[in-house]
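Subject: Handover of a structure and the findings from it

Dear colleague,

Please find the structure below.

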Amino acid sequence: MSEMGKTVLDSGWLAARSTEVELTGTQLTTTNPPTGPTAPWMEAVVPGTVLATLVKNKAVPDPFYGLENESIIDIADSGREYYTFWFFTTFQSKLLGTQHLDLNFRGINYSAEVYINGHKMVLPKGMFRRHSLDITDVVNTNGKNLLAVLVHPPDHPGRIPPEGGQGGDHEIGKDVATQYVEGWDWIAPVRDRNTGLWDEVSVYVTGPVKIIDPHLVSSFFDNYKRVYLHTTTELENRSSLVAECSLNIQVATGLEGNICLVEHFQTQHVSIPPGARIQYTFPQLFFYKPNLWWPNGMGKQSLYNVSVTVDVKGYGESDSWNQLFGFRKIESYIDSATGGRLFKVNGQPIFIRGGNWILSDCLLRLSRKRYKTDIKFHADMNLNMIRCWGGGLAERPEFYHYCDVYGLLVWQEFWITGDVDGRGVPVSNPNGPLDHDLFMLCARDTVKLLRNHPSLALWVGGNEQFPPDDINTALKNDLKLHPYFEIVTGNGKSAENLSPMSQDPSQYLDGTRIYIQGSMWDGFANGKGDFTDGPYEIQNPEDFFKDDFYNYGFNPEVGSVGMPVAATIRATMPPEGWKMPLFKKLPNGYIEEVPNPTWEYHKYIPYSKPGKVHDQIEQYGTPKDLDDFCLKAQLVNYIQYRALFEGWTSRMWSKYTGVLIWKNQNPWTGLRGQFYDHLLDQTAGFYGCRSAAEPIHVQLNLATYFIEAVNTMSEELTNVAIEASVWDLEGTCPFYKVYDKLSLPPKKVIRIEEMEYPKAGNPKPVYFLLLKLYNMSDYGIISRNFYWLHLSGGDYKLLEPYRMKKIPLKITSKTFVMGSSYEIEMHVQNKSKKPDSKSLIYESNFTTRSHCEGDFDMASVEPEHSETGEKQEAGLFKRLYKHFSRRTDGWNAIETDGADEGVAFFLHFSVHASKKDHKEGEDTRILPVHYSDNFFSLVPGEVMPIKISFEVPPGVTPRVTLQGWNYHGGHTVF
């Protein structure tokens, strides 16, 4: 008897171009199966696309490298047959007569024919729909099964005009598929248009009764003390007899070790007629003061394991289903004070600071491991929302799992964009996709796939456009709020009563979160659909703080630069791509950057806007080479994105309710709009964002030079102080002041005082400012913020000779190791002389907010995978260090030489594989790495704790290096 549950088919696949295979699907799955990766067959990437398979087998160049994408034939030129591929694999099954076996495809682009042991089944069109085939009658019940899938590309792959454009010629919009694949201003065209088995393929064993798409909803009363869990599921009896069932629901929480606390267990009797499919709603489960799920920065992401099982009389357990679920209530309405859309979670307003997301990888090589890194990076930046843009994917359950774990609210759009669907140049597809019924089928199936995730905050019809009227009306009707979740008054209050006569909210498709028709409507941008998002280019940092920078309450897209570090350029481009831009001086005094052709192909955004913004890199002096250019670009990245978020935060609730960066990352090796590159190395903008988006934060308003203290939390912060110290390039401290006995009210920005420096005395042309917000009781640092500044009308060119200063450092480290996982604690100290007359806080002992788990990586505790499904591993809330079984003894110390005094400026850790024979251009970095901070600076005497965590490949010894403005070539510190 085969074990119940799912077996994922993610290995052992072969693929071949259909025109090179002379056999039929029946022959491939009976008498003539392929025996291995011999031509025309090759090892396949599943999940993934045809292009991912071709890249893996080096049948085409790497489209991420240099100009190689231009060497790959586009589907418009090759024809659809060229990217029509067979995929083949085998699997074992051992079934008893009463068991059933389903073959499940969670996503195919775009249509397919499936052959199993000679039997043909046709899968209809649509990229965003699940397919489940009952293959019980065609499998070998006690042995090997042959599976072949012929996958066809989208019907309308389109053609790329010579000038490129947003979505090419827009033909892809006629299908229900990803629209970015014809190219955009941030990505080159994807040659196969994402054709393939792009999401999970599995086989699933059940007994006579199958559980289908349970829906979990929570309702709250008495200020979140009384909580009810509502559950509805579909049940299908696939036998010829009446099924007498015991339907069970269990709710549990993980404790220490392998102990699990069962909070509820309920059993109901259900009788299902033969061949019937019914909907069953459990009696609601009552909880008293359960742990609530909160967004990142607002509290813990408490998750409960909900399991539903069905036992059939005379058979036993027939099917089971598990879901991590968070008790939380999301409300949203247009704020009367700002006109922006406001979100509340568990009754608390959430100031939204987040960003736009396309997808993880444009070859759809999607994995739990990459998703975990992607989402943890967003949490590390202190963001609280991700917008899944309408030209990309309906994101996968694994994406949402990590958003649940790390507390990222998700704005999920459907597959409409203004550029492709009626508002682009040229205007095309004003009525959206050709098949509206298919669009709605995919939409409803997507809702069922994702609706149980607490991170999912809202549905949106499209990007800068709303769907055609009939689709829009259907979405509004299908996603209408249950009366309990409606906002019933103009001040944002929701219903407090759930009448016993009301329909159970779990019987709705999804009645718990709002549907907005488009990204610039109803509280987003100007709310009327006009193009009032953006801008998407370099800005003067102080402009973000000015009243006229943006006129509406919630900006869904504002973008800027995104140059990666030099190592990424060398790793992703040939030497001709290592040339930095030419700096062309214009008659008006501005500089125009002229990038090399490779950078231009990779959508480089310049660091100047002639006529408005002087070149921000050239402010540090004309760069000498690629390394100098990229380092100075990181200085600009840090300032640019910190200023963007601090400018918005400065007007929290008085003018703004939220902002989303365009965009956080790239699914390709693009050179714009990213906090980390496609190789998963962070830019300095990542850490500028991390600083600015702290829940409690001290900042300098760059327009007014007032010190401001920000408290986004729901509780007042009392007995705190702010220390402000100014440092010059000689290492002296000309200004020092403490603002003590402060109280920071909840959800407020407090103006402390205008900085006396540089107005008083003889200010230096370039200087550093260090702000620290700390508890007066124990001097624990709550927020630390370091600025480098120049006088009005000046520049940073004096920092160039400052590079020659040798500032002594002491780095102590302690390492924890478990298998291939490393966690290193670093203490970095600026050893240059402390000023005698100042009472500065030298030790940066950062406090941990009481509601958080510190730097614990909750997703390090993974759900277990087995053929019977997933079980959440117990001990979800244990701290990371408890998982490490070996650690080095004591602290190791290393010191750098230097006799100068001053700020150790713009220090940057990186992790490498130790290699003796290092070739020029060879990328030795170990990626990804999580740093508690990076691109940081230390004033004389200051100590900074840094945590570094990463995994190393087998057989590799890691090496940690430290570089900085005063530290060239890289010092090995571990």
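Thr896 lies in the loop between strand β43 (892–895) and strand β44; helices (H or I, at least four residues) and strands (E, at least two) are DSSP runs, numbered from the N terminus. This is a predicted model, in which local features need pLDDT of at least 70 and side-chain atom pairs count only at pLDDT 80 or more, while totals for chains, interfaces and linings use all residues. Residues are numbered from 1 along each chain as its sequence is written, and side-chain values use heavy atoms, with hydrogens and water left out.

Thr896 counts as buried because its relative accessibility is 9%. Buried means under 20% relative accessible area, exposed over 50%, and partly exposed in between (1.4 Å probe, protein chains only). Leaving aside neighbours within four places in sequence, Thr896 is in contact with Ile807, Pro808, Leu809, Ile811, Tyr967 and His971, where contact means heavy atoms within 4.5 Å.

Lys764 is placed in the loop between β35 (748–754) and β36 (766–775). With a relative accessibility of 29%, Lys764 counts as partly exposed. Its contacts, apart from neighbours within four places in sequence, are Asp728, Glu730, Tyr757 and Leu791. The C-alpha atoms of Lys764 and Ala525 are separated by 41 Å, and these residues are 239 apart along the chain.

Next come two helices. Helix α4 (residues 368–380) packs against helix α5 (residues 397–406) at an angle of about 35 degrees, and their axes are 9 Å apart. Axes are lines fitted to C-alpha atoms, for helices over the stretch in contact, and angles run from 0 to 180 degrees between N-to-C directions. On the α4 side, Arg368, Tyr371, Lys372, Ile375, Lys376 and Ala379 meet Glu398, Phe399, His401, Tyr402, Cys403 and Tyr406 of α5. The residues of this contact divide into seven nonpolar, one polar and four charged; Ala, Val, Leu, Ile, Met, Phe, Trp, Tyr, Cys and Pro count as nonpolar, Asp, Glu, Lys and Arg as charged, and the others, Gly among them, as polar. Helix α5 is mostly covered, with 10 of its 10 residues buried. After α5 comes Gly407, whose phi is positive, near 85 degrees.

How many aromatic pairs does a search of the whole structure find? The search finds 63. Rings of Phe, Tyr and Trp (its six-membered ring) pair if their centres lie within 6.5 Å; planes under 30 degrees apart count as stacked, over 60 as edge-to-face and the rest as tilted. One of the pairs is formed by Phe549 and Trp648, edge-to-face at 6.0 Å centre to centre with 90 degrees between the planes. This pair links distant parts of the chain, since Phe549 is in the loop between β26 (515–516) and β27 (554–559) and Trp648 is in helix α10 (residues 626–650), 99 residues apart. Phe549 counts as buried at 14% relative accessibility, and Trp648 counts as buried at 0%.

Trp788 and Phe905 also form an edge-to-face pair, at 5.2 Å centre to centre and 80 degrees between the planes. Trp788 is in strand β37 (residues 781–790) and Phe905 in strand β44 (residues 904–913), 117 residues apart.

Yours sincerely
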